[in-house]
Amino acid sequence: MFTENIHYCKELEYAVLGAAMIEKDAMGRVYKLIDKDVFYYEGHSQVFDVMQKMWGSNEPIDIVSVYLKLIQNGIGTIQNYNTPWYVVEITKNVTSTACIEHHCAILKEMYIQREMKRITLGGIGENTGYDAIEMIDKKISKLKEKVVLDDFKGIDETLVNLYTHMDNVKHKELTGITTGFNTLDKITGGLQAGGMYILAARPSVGKSAFMGKMVFNAAKKGYHVGVISLEMTDNQITARIASLATEIEYWRIYRSRLVDEEQTEKFYRITAKVSELPILISDKTGVDISEIKAKISRLRRKSKIDILYIDYLQLLDTDDKDRNSNREQQVSKISRGLKLLAKDYGIPIVVLAQLNRVSEQMADKKPKLHNLRESGSLEQDADGVMFIHRDYMSGIKQNEDGSSTENQADIIIAKWRDGEVTEYKIGFDGTKMKFFEFDDNNQLPNTPNQDLPF
C-alpha cells in the first residue's frame, strides 16, 4: 500500500534503534521525540517500546541488555528472525549517532503521512454528519500530539527576545488589547496575547454589561472581537452594545420603546456605524472546549480574531465522559483547556465566571479568589482575575457619608501576572447597563459619554 522510502524505511528505523543501543546517552536524545507508534515495522516498535521502558527505569541500554529484556518479555522472534540475531543485525550498519535527532524527525514525518492516508482513505464507517466530523477531528488532534519538537532555547536567544520586547513596550502604557477602561488599562497594561483572564461577580452585578463595554471599546480600536454567549441571546448582547453607542436606555432598545422620531433617527444613524465594527457573536449553547477551538479556527480562516470573550464559564460543557468526575474537576479541565487555547492561538481569552455567595457573609462583602464558584484550578490557570463588586447589590445602600451606593461599583484586581493587585471605584448606570469611570474629582461625570466613537 505504501511506497518504500516515502512512507516508511527499514534502514532509517535500523539507524535510530541501532544508534540508541550503541551509545550510552543516545536514548535520552530521542526520548519523547518519538514513540513506538512512529515505527512502521511491528518488531521495531516492540524493540523501541522495551528500550523506552528501560530508559524510564534507569536500566542500562546496550545490545545484550535489550535482547535479554525482549526475550524476558516473551518476544522470541522479530520479523520471523531469532531475537538476539535480529537485534545485533540492527546495529551492524550504524557508525555514528550524530544524526539521530534528524533521523527521528524523518521517521515522524513518514508516520504522519501514513496516518493522514489512513484518516482520509479510511472512511467514516457508520458515522454521519457531526459524529463523522468529531471522529475525524479527534483522530487529527491525536496525531497533532505526536508532533513534539525540541523547544529548548539558549539563554542568549531568550535574552535577545527579552531586549526586543523591552524596546517594543518601553514607551507604551498599553502593551496589550484595551480592557475598555482607561484606569484599568494603566494598572494592567491591557489584555496580553496568550493570556486567560477571569472576570467574576455574583449574579445580577453586571458581568455581561462590563463585558459589553470591553467588547465595544476593543472593536472601536480596530481589534477583531469574538463573543461566545452561553447565557444571553445575540439580540440581548447587540442591544447592550447599541445602548453603549447611542446613550439610549437598554430597556428602550430591547423592548422597542424609543421615545420619539428624533431618538429613533439617532438610534438607526449610530447603529448603522456600529454594524461596521469587527464583532462576531455566537449564542449557541452546549459548547465545549473542542468546539471553541473549532470556532477560533474557523474565524482564523474566514477573517481574523484578536480576542475572545466567553459568557460564562460555568455554562460550558465538558467532553469528559467520566461520570465519577465532579463539577469542580470538570471546571478545572475547562479552565486548563482555555489557557492552552489562548497560548496556542496567541490571543487573550476573557471568561466570565460566577462567584459563590460566601463572600456576602464577610464584613465588607467583597469577593476574594477563593470565592470563585467551583474554582478548581481557575486561580492557578488564569493570568488575571478581576472581580466586580457593588455594595448596593450586597445590601449596603449608603456610603459612610450617607450618599447612595446605587451608581457605584468596585473593580477588584485580585491577580494579575504582569501587573498590580489593587482595587478602585467606577460608576454604573443601570438603565443603560453601562459601567463608566469617575472624573478626576471622583464624581459622576455630568457630560454624556465621552468615548462615543461616532
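**Salt bridges, helices and surface of a predicted model**

Me: What does E265 form a salt bridge with, and how far apart are the atoms?
Reply: The partner of E265 is R269, and the closest N and O atoms of the two are 3.3 Å apart. Both residues belong to helix α13, where they sit four residues apart, about one turn of the helix. R269 has a relative accessibility of 43%, so R269 counts as partly exposed.

Me: OK, staying with α13, how does it cross α11?
Reply: The axis of helix α13, which covers residues 261-274, comes within 10 Å of the axis of helix α11, residues 234-246, and the two cross at roughly 110°.

Me: And what do you call that, parallel or perpendicular?
Reply: Angles of 65 to 115 degrees count as roughly perpendicular, and α11 and α13 are therefore described as roughly perpendicular to each other. Their crossing is right-handed.

Me: Back to salt bridges: how many are there in the structure?
Reply: The structure holds 12 of them. One of these joins K92 to E89, with the closest N and O atoms 3.3 Å apart. K92 counts as exposed because its relative accessibility is 53%, while E89, at 23%, counts as partly exposed.

Me: What about K425, what's its partner?
Reply: K425 forms a salt bridge with D410, and here the closest N and O atoms are 3.0 Å apart. This pair links distant parts of the chain, since K425 lies in strand β10 (residues 422-429) and D410 in strand β9 (residues 408-416), 15 residues apart.

Me: Which of those two is buried and which is partly exposed?
Reply: K425 has a relative accessibility of 34% and so counts as partly exposed, whereas D410, at 3%, counts as buried. Elsewhere, salt bridges that share partners join K339, D383 and R417 into one network.

Me: Switching to the surface, which residues make the nonpolar patch?
Reply: The patch is made by I155, L159, V160, L162, Y163 and M166, and its area is about 580 Å². I155 lies in helix α8, which covers residues 155-169, and because its relative accessibility is 63%, I155 counts as exposed.

Me: Last one, L299: buried or exposed?
Reply: L299 is buried, because its relative accessible area of 13% falls under the 20% cut-off. L299 is found in helix α14, residues 289-302.

Me: How far is L299 from G226, in sequence and in space?
Reply: L299 and G226 are 73 residues apart in sequence, and their C-alpha atoms are 8.5 Å apart in space.

Notes: Residues numbered from 1 in each chain as written. Predicted model: local features only at pLDDT ≥ 70, side-chain atom pairs only at ≥ 80, totals over all residues. Heavy atoms only, no water. Patch = residues over 30% accessible without salt bridge, like charges linked within 9 Å, V, L, I, M, F, W, Y side chains within 5 Å. Areas by Shrake-Rupley, 256 points an atom, 1.4 Å probe, with all protein chains shown as cover. Salt bridge = Lys/Arg side-chain N within 4 Å of Asp/Glu carboxyl O. Buried < 20%, exposed > 50% of the residue type's maximum accessible area, 1.4 Å probe, protein only. Axes fitted to C-alpha atoms, helices over the stretch in contact; angles between N-to-C directions. Parallel < 35°, antiparallel > 145°, perpendicular 65-115°, else oblique. Left-handed = near helix turned anticlockwise from the far one by under 90°.
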